Amino acid sequence: MPSTYLICAQDRGTPPRLQREFARRAGSVVELDAGHHPFLSRPVAVRDLLLSL
């Protein structure tokens, strides 16, 4: 099954280094310059990502 992992590079709750580790299992990885809640701080970028899948 296709999967995508969104890494939030400014996340202080889940450090990006751990996110990158989790993302190794995903089919594709996207990194966004956002904090822990990208759907609140970068809603257009998240929307665009979802529409591109």
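You're looking at a predicted model, where local features need pLDDT of at least 70 and side-chain atom pairs count only at pLDDT 80 or more, while totals for chains, interfaces and linings use all residues. Residues are numbered from 1 along each chain as its sequence is written, and side-chain values use heavy atoms, leaving out hydrogens and water.

Start by colouring by pLDDT, the predictor's confidence in each residue, from 0 to 100. The chain averages 96, and 100% of the residues score at least 70.

Next, select strand S1, residues 4-8, where confidence is highest, at 98. Helices (H or I, at least four residues) and strands (E, at least two) are DSSP runs, numbered from the N terminus. Zoom in on Leu-6, and you'll find it opposite Val-30 in S2.

Now pick helix H1, residues 16-23, and show its buried residues: Pro-16, Gln-19 and Ala-23. They sit on the same side of H1, because they cover an arc of only 50 degrees around the axis, taken from the directions from the helix axis to the C-beta atoms. Buried means under 20% relative accessible area, exposed over 50%, partly exposed in between (1.4 Å probe, protein chains only).

Last stop: Leu-40 lies 22 Å from Arg-17 in space, C-alpha to C-alpha, and 23 residues away in sequence.

Conventions: Two strands pair if DSSP finds at least two bridges between them.
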